[in-house]
Amino acid sequence: GIEPDHTRKDEWWEVHMQLLSVPPQPLVWTLRTEQFTGQEMFTMGGKARFVQAVHFETETGLRDAAPQPKIDGSAEKKGGLRLIK
């Protein structure tokens, strides 16, 4: 989940994740928009980090796989983020 961090003056976000470990652990990073969208690197514990979206492709013909929507090449891509209340 992604929620705005209202305790800060500038635009910061709380990014909630589940760390895949044994046992699974909840994790919250507080990042600026540029950091959690991969536009800017940040450091944690003195090490450079970045966030990148990963798209997992599915095998064709699987019964449970959702059909992929067709993307019209003439449609204009919108960038940035929207805050939906």
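Q35 is buried, with a relative accessible area of 7%; buried denotes under 20% relative accessible area, exposed over 50%, and partly exposed the range in between (1.4 Å probe, protein chains only). The structure is a predicted model, in which local features need pLDDT of at least 70 and side-chain atom pairs count only at pLDDT 80 or more, whereas totals for chains, interfaces and linings use all residues. Residues are numbered from 1 along each chain as its sequence is written, and side-chain values use heavy atoms, with hydrogens and water left out.

Q35 belongs to helix 1 (residues 33-36); helices (H or I, at least four residues) and strands (E, at least two) are DSSP runs numbered from the N terminus. When residues up to four places away in sequence are not counted, Q35 touches W12, E40, M41, F42 and V51, contact being defined as heavy atoms within 4.5 Å. One of these residues, F42, is itself in contact with W29, L31, Q35, K47, A48, R49, F50 and V51, leaving aside its neighbours within four places in sequence.

F42 is also a member of the largest nonpolar core, together with W13, V15, W29, L31 and F36, six residues in total. Such a core is a set of buried Ala, Val, Leu, Ile, Met, Phe, Trp, Tyr and Cys residues joined through side-chain atoms within 4.5 Å. Strand 2 and strand 3 (25-32) are the elements that give two or more residues to this core.

The strands form an open sheet of three, in the order 1-2-3 and with antiparallel pairing; two strands pair if DSSP finds at least two bridges between them. From one strand to the next, the twist averages 25°, with axes taken as lines fitted to C-alpha atoms (for helices over the stretch in contact) and angles running from 0 to 180 degrees between N-to-C directions.

Strand 1 is joined to strand 2 by three bridges, and P4 stands opposite W13 in strand 2. Between strand 2 and strand 3, which run antiparallel, there are eight bridges. In this pairing W13 stands opposite L31 in strand 3. A hairpin through five residues joins strand 2 to strand 3.

L19 is found in strand 2 (residues 12-19). L19 counts as partly exposed because its relative accessibility is 39%. With residues up to four places away in sequence not counted, L19 touches P24 and Q25.
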